[in-house]
Amino acid sequence: MARTGKPYSEASRANALSAASSFFTYLDKVSDEGVKNPFDAVQRPYIDPDYSPTPGYTEQEWATLVVTARDHHRVAAYRQRAYALLLTLYTCCLRNARVEDLGYDKGDRVLHLEKMKGGGRKKKPIPPVTWDALQDYLDGREAGWLFCTASGGQLDEPAVWRLCASLAKRAGLPVRGPHGTKGDAVTHALSKPDARPDKVQRWADHKDSRTTLRYNKRRELLDDSPATASAQTSLAHWRTTPTDARTPVRALTGPRDPCCYFLRRREAFPERGEGEST
(Lines give C-alpha, C1' and ligand atoms only; values in the text may rest on other atoms or scores of the structure.)
Protein backbone atom coordinates (compact mmCIF):
# COMPACT_ATOMS: atom_id res chain seq x y z
CA MET A 1 0.00 0.00 0.00
CA ALA A 2 1.39 3.35 -1.04
CA ARG A 3 1.97 5.86 1.73
CA THR A 4 -0.17 9.00 1.64
CA GLY A 5 -0.09 12.26 3.52
CA LYS A 6 2.67 14.71 4.26
CA PRO A 7 6.11 13.61 2.96
CA TYR A 8 8.80 12.70 5.44
CA SER A 9 11.23 15.46 6.34
CA GLU A 10 14.82 15.27 5.15
CA ALA A 11 15.96 14.43 8.68
CA SER A 12 13.47 11.53 8.90
CA ARG A 13 14.57 10.17 5.53
CA ALA A 14 18.22 10.46 6.52
CA ASN A 15 17.55 8.56 9.76
CA ALA A 16 15.64 5.81 7.93
CA LEU A 17 18.41 5.39 5.35
CA SER A 18 21.04 5.31 8.09
CA ALA A 19 19.14 2.62 10.02
CA ALA A 20 18.68 0.47 6.90
CA SER A 21 22.33 0.88 5.94
CA SER A 22 23.47 -0.06 9.44
CA PHE A 23 21.44 -3.27 9.25
CA PHE A 24 23.19 -4.36 6.05
CA THR A 25 26.56 -3.43 7.57
CA TYR A 26 25.73 -5.76 10.45
CA LEU A 27 24.73 -8.54 8.04
CA ASP A 28 28.03 -8.12 6.21
CA LYS A 29 29.96 -8.58 9.47
CA VAL A 30 28.11 -11.70 10.66
CA SER A 31 27.73 -13.39 7.27
CA ASP A 32 30.31 -15.93 6.12
CA GLU A 33 30.03 -14.91 2.48
CA GLY A 34 29.50 -11.20 3.01
CA VAL A 35 26.53 -9.06 2.02
CA LYS A 36 26.77 -6.05 -0.23
CA ASN A 37 25.11 -2.95 1.21
CA PRO A 38 22.59 -1.67 -1.40
CA PHE A 39 22.27 1.64 0.46
CA ASP A 40 25.88 2.60 -0.22
CA ALA A 41 24.79 3.90 -3.61
CA VAL A 42 21.79 5.84 -2.29
CA GLN A 43 22.27 9.58 -2.08
CA ARG A 44 21.50 10.89 1.41
CA PRO A 45 19.60 14.12 2.06
CA TYR A 46 21.81 16.99 3.16
CA ILE A 47 21.13 18.02 6.76
CA ASP A 48 22.43 21.43 7.80
CA PRO A 49 23.88 20.92 11.31
CA ASP A 50 23.38 24.61 12.17
CA TYR A 51 19.63 24.55 11.51
CA SER A 52 16.93 23.34 13.87
CA PRO A 53 13.17 23.72 13.32
CA THR A 54 12.60 23.62 17.10
CA PRO A 55 11.74 27.12 18.38
CA GLY A 56 13.89 28.38 21.21
CA TYR A 57 12.67 30.25 24.29
CA THR A 58 14.26 33.27 25.91
CA GLU A 59 15.01 33.06 29.63
CA GLN A 60 11.91 35.16 30.32
CA GLU A 61 9.74 32.84 28.20
CA TRP A 62 11.23 29.85 29.98
CA ALA A 63 10.32 31.40 33.36
CA THR A 64 6.77 31.91 32.08
CA LEU A 65 6.55 28.22 31.14
CA VAL A 66 7.77 27.10 34.57
CA VAL A 67 5.27 29.34 36.38
CA THR A 68 2.51 27.98 34.14
CA ALA A 69 3.45 24.42 35.11
CA ARG A 70 3.54 25.27 38.81
CA ASP A 71 0.39 27.38 39.08
CA HIS A 72 -1.79 26.95 35.99
CA HIS A 73 -1.47 23.36 34.75
CA ARG A 74 -4.92 22.15 33.67
CA VAL A 75 -4.93 19.28 36.19
CA ALA A 76 -4.15 20.70 39.62
CA ALA A 77 -3.13 17.31 41.03
CA TYR A 78 -0.29 17.06 38.51
CA ARG A 79 1.11 20.58 38.93
CA GLN A 80 3.89 19.51 41.29
CA ARG A 81 4.95 16.77 38.89
CA ALA A 82 4.96 19.12 35.89
CA TYR A 83 6.92 21.76 37.81
CA ALA A 84 9.54 19.29 39.06
CA LEU A 85 9.83 17.68 35.62
CA LEU A 86 10.51 20.96 33.82
CA LEU A 87 13.13 21.98 36.38
CA THR A 88 14.83 18.58 36.07
CA LEU A 89 14.82 18.86 32.29
CA TYR A 90 16.31 22.34 32.42
CA THR A 91 18.82 22.13 35.27
CA CYS A 92 19.95 18.50 34.92
CA CYS A 93 19.49 17.92 31.16
CA LEU A 94 17.66 14.75 32.13
CA ARG A 95 14.21 13.35 31.37
CA ASN A 96 13.79 10.44 33.74
CA ALA A 97 15.50 8.34 36.38
CA ARG A 98 14.52 6.33 39.42
CA VAL A 99 13.91 7.61 42.93
CA GLU A 100 16.60 5.24 44.18
CA ASP A 101 19.12 7.19 42.09
CA LEU A 102 18.76 10.26 44.30
CA GLY A 103 21.71 10.68 46.62
CA TYR A 104 24.17 12.92 48.42
CA ASP A 105 27.86 13.57 47.75
CA LYS A 106 30.24 16.16 49.29
CA GLY A 107 27.47 18.49 50.35
CA ASP A 108 25.53 18.27 47.08
CA ARG A 109 22.33 16.48 46.16
CA VAL A 110 23.01 14.26 43.15
CA LEU A 111 21.54 11.70 40.82
CA HIS A 112 23.59 8.49 40.57
CA LEU A 113 23.08 7.44 36.97
CA GLU A 114 24.23 3.96 36.07
CA LYS A 115 23.54 4.15 32.35
CA MET A 116 24.16 7.32 30.37
CA LYS A 117 23.72 7.93 26.66
CA GLY A 118 26.61 6.12 25.02
CA GLY A 119 27.38 4.10 28.17
CA GLY A 120 29.16 4.90 31.41
CA ARG A 121 28.21 6.11 34.89
CA LYS A 122 27.83 9.64 36.14
CA LYS A 123 26.75 11.78 39.08
CA LYS A 124 24.46 14.65 38.18
CA PRO A 125 24.33 17.56 40.65
CA ILE A 126 20.82 18.74 41.49
CA PRO A 127 20.40 22.49 42.19
CA PRO A 128 18.53 23.37 45.41
CA VAL A 129 15.46 24.73 43.61
CA THR A 130 15.10 21.48 41.65
CA TRP A 131 15.72 19.35 44.75
CA ASP A 132 12.99 21.19 46.68
CA ALA A 133 10.55 20.76 43.79
CA LEU A 134 11.35 17.03 43.62
CA GLN A 135 10.82 16.55 47.35
CA ASP A 136 7.47 18.35 47.23
CA TYR A 137 6.41 16.15 44.31
CA LEU A 138 7.69 12.83 45.74
CA ASP A 139 6.13 13.54 49.16
CA GLY A 140 8.12 10.80 50.90
CA ARG A 141 8.08 8.25 48.06
CA GLU A 142 11.32 6.22 48.12
CA ALA A 143 11.05 3.86 45.14
CA GLY A 144 9.91 3.67 41.55
CA TRP A 145 10.34 5.96 38.59
CA LEU A 146 11.22 9.52 39.44
CA PHE A 147 8.39 10.75 37.20
CA CYS A 148 5.58 8.24 36.98
CA THR A 149 1.94 7.93 36.03
CA ALA A 150 -0.92 7.53 38.50
CA SER A 151 -0.52 3.74 38.25
CA GLY A 152 3.21 3.87 38.96
CA GLY A 153 4.45 3.31 35.42
CA GLN A 154 7.15 5.37 33.78
CA LEU A 155 6.11 8.73 32.36
CA ASP A 156 7.31 7.96 28.83
CA GLU A 157 8.54 10.37 26.19
CA PRO A 158 5.21 10.74 24.31
CA ALA A 159 3.54 11.70 27.60
CA VAL A 160 6.29 14.23 28.37
CA TRP A 161 5.93 15.63 24.84
CA ARG A 162 2.18 16.09 25.30
CA LEU A 163 2.77 17.75 28.67
CA CYS A 164 5.31 20.22 27.24
CA ALA A 165 3.01 21.03 24.32
CA SER A 166 0.02 21.56 26.60
CA LEU A 167 1.94 23.87 28.93
CA ALA A 168 3.32 25.85 25.99
CA LYS A 169 -0.18 26.43 24.60
CA ARG A 170 -1.46 27.52 28.01
CA ALA A 171 1.51 29.90 28.39
CA GLY A 172 1.02 31.35 24.89
CA LEU A 173 4.41 30.05 23.66
CA PRO A 174 5.42 28.09 20.54
CA VAL A 175 4.68 24.38 20.90
CA ARG A 176 7.62 21.97 21.05
CA GLY A 177 8.81 18.79 22.74
CA PRO A 178 11.04 18.09 25.76
CA HIS A 179 14.31 18.16 23.82
CA GLY A 180 13.78 21.87 23.21
CA THR A 181 14.11 22.43 26.96
CA LYS A 182 17.59 20.92 26.95
CA GLY A 183 18.44 23.11 23.98
CA ASP A 184 17.31 26.18 25.91
CA ALA A 185 19.38 25.15 28.94
CA VAL A 186 22.54 24.75 26.87
CA THR A 187 21.95 27.96 24.90
CA HIS A 188 21.25 30.01 28.03
CA ALA A 189 24.31 28.57 29.77
CA LEU A 190 26.55 29.42 26.81
CA SER A 191 25.21 32.98 26.65
CA LYS A 192 26.57 33.83 30.12
CA PRO A 193 29.65 36.12 30.06
CA ASP A 194 31.78 33.63 32.03
CA ALA A 195 30.51 30.51 30.22
CA ARG A 196 32.98 27.69 29.65
CA PRO A 197 31.98 25.45 26.73
CA ASP A 198 33.91 22.47 28.16
CA LYS A 199 31.86 22.57 31.38
CA VAL A 200 28.61 23.00 29.47
CA GLN A 201 29.54 20.02 27.30
CA ARG A 202 30.04 17.75 30.31
CA TRP A 203 26.86 19.00 31.95
CA ALA A 204 24.82 18.38 28.78
CA ASP A 205 26.37 14.88 28.27
CA HIS A 206 27.64 15.71 24.79
CA LYS A 207 30.41 13.36 23.70
CA ASP A 208 31.53 15.75 20.95
CA SER A 209 32.29 19.41 21.70
CA ARG A 210 30.97 20.35 18.25
CA THR A 211 27.49 19.34 19.38
CA THR A 212 27.66 21.83 22.25
CA LEU A 213 29.09 24.63 20.13
CA ARG A 214 26.35 24.06 17.57
CA TYR A 215 23.79 25.37 20.06
CA ASN A 216 25.84 28.54 20.46
CA LYS A 217 26.23 28.90 16.70
CA ARG A 218 22.47 28.70 16.19
CA ARG A 219 21.99 31.41 18.82
CA GLU A 220 24.54 33.69 17.16
CA LEU A 221 22.89 33.28 13.78
CA LEU A 222 19.78 34.97 15.23
CA ASP A 223 21.01 37.24 18.03
CA ASP A 224 24.12 38.56 16.26
CA SER A 225 22.74 38.74 12.73
CA PRO A 226 24.20 41.65 10.68
CA ALA A 227 20.71 42.25 9.30
CA THR A 228 19.52 43.49 12.70
CA ALA A 229 22.29 46.07 13.06
CA SER A 230 21.88 47.23 9.44
CA ALA A 231 18.12 47.66 9.82
CA GLN A 232 18.50 49.64 13.05
CA THR A 233 21.09 51.96 11.49
CA SER A 234 18.98 52.58 8.39
CA LEU A 235 15.84 53.21 10.39
CA ALA A 236 17.63 55.63 12.70
CA HIS A 237 18.89 57.51 9.63
CA TRP A 238 15.42 57.87 8.12
CA ARG A 239 13.96 59.00 11.44
CA THR A 240 16.53 61.76 11.92
CA THR A 241 16.75 63.01 8.29
CA PRO A 242 14.44 66.03 7.54
CA THR A 243 11.47 65.29 5.31
CA ASP A 244 12.60 67.77 2.65
CA ALA A 245 15.90 65.97 2.30
CA ARG A 246 14.11 62.70 1.68
CA THR A 247 11.62 64.00 -0.90
CA PRO A 248 13.91 63.59 -3.96
CA VAL A 249 14.56 59.99 -2.99
CA ARG A 250 10.85 59.32 -2.96
CA ALA A 251 10.54 60.65 -6.49
CA LEU A 252 13.20 58.21 -7.70
CA THR A 253 11.65 55.11 -6.16
CA GLY A 254 8.68 53.00 -7.15
CA PRO A 255 5.49 52.66 -5.08
CA ARG A 256 6.58 49.28 -3.70
CA ASP A 257 10.10 50.36 -2.77
CA PRO A 258 10.90 49.85 0.96
CA CYS A 259 12.15 53.43 1.25
CA CYS A 260 8.81 54.68 -0.05
CA TYR A 261 7.01 52.60 2.59
CA PHE A 262 8.99 54.09 5.46
CA LEU A 263 8.48 57.61 4.11
CA ARG A 264 4.73 57.15 3.88
CA ARG A 265 4.62 55.73 7.41
CA ARG A 266 6.69 58.66 8.69
CA GLU A 267 4.38 61.22 7.09
CA ALA A 268 1.24 59.40 8.26
CA PHE A 269 2.41 59.26 11.90
CA PRO A 270 4.63 62.34 12.46
CA GLU A 271 3.81 62.39 16.17
CA ARG A 272 5.60 59.07 16.90
CA GLY A 273 8.76 59.39 18.94
CA GLU A 274 12.13 57.99 18.00
CA GLY A 275 11.84 55.02 20.33
CA GLU A 276 8.41 53.93 19.04
CA SER A 277 7.82 51.22 16.50
CA THR A 278 7.03 52.11 12.92
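**Exercise 1. Find the contacts of Gln-201 in this predicted model, leaving aside neighbours within four places in sequence.**

Step 1. Start with the partners: Gln-201 touches His-206, Lys-207, Asp-208, Ser-209 and Thr-212 once those neighbours are set aside.

Step 2. Now place the residue: Gln-201 is part of helix α7.

Step 3. Check its accessibility. Buried means under 20% relative accessible area, and Gln-201 has 17%, so it counts as buried.

**Exercise 2. Which residues of helix α7 are buried, and where do they lie around the axis?**

Step 1. Helix α7 covers residues 197-204, and its buried residues are Val-200, Gln-201 and Ala-204.

Step 2. Look down the axis of α7: these buried residues fall within an arc of 105°, so they line one face of the helix.

Step 3. Asp-205 follows α7 and has a positive phi, near 65°.

**Exercise 3. Work out which face of α2 is buried and what it packs against.**

Step 1. List the buried residues of α2: Trp-62, Leu-65, Val-66, Thr-68 and Ala-69.

Step 2. View them down the axis of α2. They fall within an arc of 155°, so they line one face of the helix.

Step 3. Identify the partners. The buried residues of α2 pack against α3 (79-92), α5 (157-171) and α6 (179-190).

Step 4. Turn to α5, where the buried residues are Ala-159, Val-160, Leu-163, Cys-164, Ala-165, Leu-167, Ala-168 and Ala-171. The cover over these residues includes α2 and α3.

**Exercise 4. Describe how α2 and α3 pack.**

Step 1. Read them off. For α2 and α3 the angle is about 150°, and the axes are 6 Å apart.

Step 2. Classify the pair. Angles over 145 degrees count as roughly antiparallel, and α2 is therefore roughly antiparallel to α3.

Step 3. Name the residues. From α2 the contact uses Trp-62, Leu-65, Val-66, Ala-69, Arg-70 and Asp-71, while α3 brings Arg-79, Ala-82, Tyr-83, Leu-86, Leu-87 and Tyr-90.

Step 4. Sort them by class: the contact has 9 nonpolar, no polar and 3 charged residues.

**Exercise 5. Is Gly-153 buried or partly exposed, and which residues does it contact?**

Step 1. Locate the residue: Gly-153 sits in the loop between α4 (128-138) and α5.

Step 2. Judge its accessibility. At 27% relative accessibility, Gly-153 counts as partly exposed.

Step 3. Leave aside neighbours within four places in sequence, and Gly-153 is in contact with Trp-145, Phe-147 and Cys-148.

**Exercise 6. Step back and summarise the protein chain.**

Step 1. Count the elements: the protein chain has 11 helices and 3 strands.

Step 2. Consider burial: of the 278 residues in the protein chain, 31% are buried.

Step 3. Finish with contact range. Among contacts between residues at least 6 apart in sequence, 54% join residues at least 24 apart.

Notes:
Residues are numbered from 1 along each chain as its sequence is written. This is a predicted model: local features need pLDDT of at least 70, side-chain atom pairs count only at pLDDT 80 or more; totals for chains, interfaces and linings use all residues. Side-chain values use heavy atoms; hydrogens and water are left out. Buried means under 20% relative accessible area, exposed over 50%, partly exposed in between (1.4 Å probe, protein chains only). Helices (H or I, at least four residues) and strands (E, at least two) are DSSP runs, numbered from the N terminus. The arc is that of the directions from the helix axis to the C-beta atoms. Contact means heavy atoms within 4.5 Å. Axes are lines fitted to C-alpha atoms, for helices over the stretch in contact, and angles run from 0 to 180 degrees between N-to-C directions. Angles under 35 degrees count as roughly parallel, over 145 as roughly antiparallel, 65 to 115 as roughly perpendicular and the rest as oblique. Ala, Val, Leu, Ile, Met, Phe, Trp, Tyr, Cys and Pro count as nonpolar, Asp, Glu, Lys and Arg as charged, and the others, Gly among them, as polar.
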